[in-house]
Number of protein chains: 2
Amino acid sequence: MPPPSLLRPPLSLLLRRPQNLSPLRRVPSSIPSPLLVLPNRRHLSAAHLADPLVAAGVEEAVVGFVTGKRKATEVAHAVWRSIVRKGDTVVDATCGNGNDTFALLKMVSDETGRGRVYGMDIQDSAIDNTSSFLNMAVDTHEKELVKLFSICHSRMEDIVPKGSPVRLVAFNLGYLPGGDKTIITVPKTTELALQAASRIVSSGGLISVLVYIGHLGGRDELDIVESFASSLPVDTWVSCKFEMVNRPVAPVLVLLHKK
Amino acid sequence: MPPPSLLRPPLSLLLRRPQNLSPLRRVPSSIPSPLLVLPNRRHLSAAHLADPLVAAGVEEAVVGFVTGKRKATEVAHAVWRSIVRKGDTVVDATCGNGNDTFALLKMVSDETGRGRVYGMDIQDSAIDNTSSFLNMAVDTHEKELVKLFSICHSRMEDIVPKGSPVRLVAFNLGYLPGGDKTIITVPKTTELALQAASRIVSSGGLISVLVYIGHLGGRDELDIVESFASSLPVDTWVSCKFEMVNRPVAPVLVLLHKK
């Protein structure tokens, strides 16, 4: 089993410190190039490769969620696997430590090499961690299907090629497990990122948002996500929410399906 | 396909009219006997027998729910099927037109004849409908496994034999489809019924509550259910909720698992 920090999903990061109040300051005006593989073993181990999250089907994940044996992130992964196909283009809006990026890569990768995962994170260390994890976990051919960018998730439209139908945009909102907990995603850019995701996701696709609410500001961010989800027109979107009721700080899963 | 009224799940009933403000007035002081089969074809058709709700697995139901193709009641049925075993004792706290009673019977019935479904509804016509539906849908042997009572759901402990481990208690809260919409379940007895259910459900069992909120008083009832669910101790209960976010009157599914 990976250590607990590795089982926690990757979370998006946005510097809240005074020198970085605007995440866009950290993003160059031109579109950044995908990062090369940067060996970095922080928070990583070979046990990552046997991540049990990759395996659970929807029944196992949902019944496990209901009976307290599986986490919301496992429900999310299982639903993704039912919707994403080999060769798809998908987006990891919040790479964190790379668990979701890796899981998404395995969903889209096949011998045709058509699948693409566009991954981003405002925090350089998250991109480093993700790249290092992928370097350990997959071969060079598969790694090339992943394009990583150190960029705020609100700017995803700058890096996903126009005209590429996007099947899934995945968010993990909160702070980076094992990282600086003062660096968290914040409502304003999350709202912009959700709007961007709703523009690029294709018909039949999904926006998946796992909101961690146990930290300061977590509830505010959930409010923004719920407000956005409830504003989507019912004729073109299905917005649903899975949550624990007797664990007030348990993460909440919001799934937005474009009809 | 059954007519739309038959696809809507059965709902519990509690007279709100002045002469019936207290549901207990309608219940005899002694425990009523299970009703015999009462032929009644209101709201029933042979199409009931091919009810598609019986078939969906958890993956189909949950992914269908997320993509707008399946209803919350189908998610509930699919989760029940993952938890309920042949030979189990289960409770339909709100028989309505009998859809859930029938589905539950199919989950517990086998050649040993050990399974039992205890069904109740405060409204006589709902018990009539359920009994008639079962009379059409199952053979005499299976029908005998169902015990129907015209009683308020808050009194379920009066009819389920003491010492019988109960795997599932199912609620549909709202009004009877095709019936008098002024007759609805109300928060006070629903709260008592949930308390009773929590006492009789066994370890590893489930309380399933589908709350219809599109009618007057529906939101108040959801508040009571959520309040009850959130009050359950986290060391012995898992309380979770599935809901639509951009359809404010869509039913909400609350599942309470006893560890």
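Mentor: What follows is a discussion of a predicted model.

Trainee: How many polar contacts and salt bridges cross the interface?

Mentor: Twelve residue pairs are in polar contact across the interface of chain B and chain A, both residues being at pLDDT 80 or more. The rule also finds two salt bridges there. In a salt bridge with an N to O distance of 3.4 Å, the side chain of B:Glu243 meets that of A:Lys241.

Trainee: What does β6(B) pair with in chain A, and in which sense, parallel or antiparallel?

Mentor: β6(B) is joined to strand β6 of chain A (residues 237-244) by five bridges, and the two strands run antiparallel. Within this pairing, A:Glu243 has B:Lys241 as its bridge partner in β6(B).

Trainee: Back to A:Lys241, then. Is that residue buried or exposed?

Mentor: A:Lys241 lies in strand β6 of chain A. A residue counts as buried under 20% relative accessible area, and A:Lys241 is therefore classed as buried at 7%.

Trainee: Which side chains within chain A does the side chain of A:Lys241 make polar contacts with?

Mentor: There is a polar contact with the side chain of A:Glu226 at 2.8 Å. Another, at 3.0 Å, is made with the side chain of A:Glu243.

Trainee: What else is A:Lys241 in contact with, leaving aside its neighbours within four places in sequence?

Mentor: From chain A, the list holds A:Glu226, A:Val252, A:Leu253 and A:Val254. From chain B, it holds B:Lys241, B:Phe242, B:Glu243 and B:Val245.

Trainee: Changing topic: how many helices and strands are there in chain A?

Mentor: Chain A has eight helices and seven strands. Of its 259 residues, 62% count as buried. Among its contacts with a separation of 6 or more, 77% are between residues 24 or more positions apart.

Trainee: Why is helix α4 of chain A described as largely enclosed by the rest of the structure?

Mentor: The description applies because nine of the ten residues of α4(A), which spans residues 99-108, are buried. Among them are A:Phe102, A:Leu104, A:Leu105 and A:Met107.

Trainee: And in chain B, how many residues of strand β4 are buried?

Mentor: Seven of the eight residues of β4(B), residues 166-173, are buried, and the strand is mostly covered.

Trainee: Which strands does β4(B) pair with?

Mentor: Strand β1 of chain B (residues 89-92) runs parallel to β4(B) and is joined to it by four bridges; B:Val91 stands opposite B:Val169 there. β4(B) also pairs in the parallel sense with strand β5 of chain B (residues 201-211), over seven bridges. In that pairing, B:Leu173 stands opposite B:Val211.

Conventions: Residues numbered from 1 in each chain as written. Chains lettered and ligands numbered in written order. Predicted model: local features only at pLDDT ≥ 70, side-chain atom pairs only at ≥ 80, totals over all residues. Heavy atoms only, no water. Salt bridge = Lys/Arg side-chain N within 4 Å of Asp/Glu carboxyl O. Polar contact = N/O pair within 3.5 Å; in protein donor to acceptor, adjacent residues only side chain to side chain. Pairing = 2+ DSSP bridges. Buried < 20%, exposed > 50% of the residue type's maximum accessible area, 1.4 Å probe, protein only. Contact = heavy atoms within 4.5 Å.
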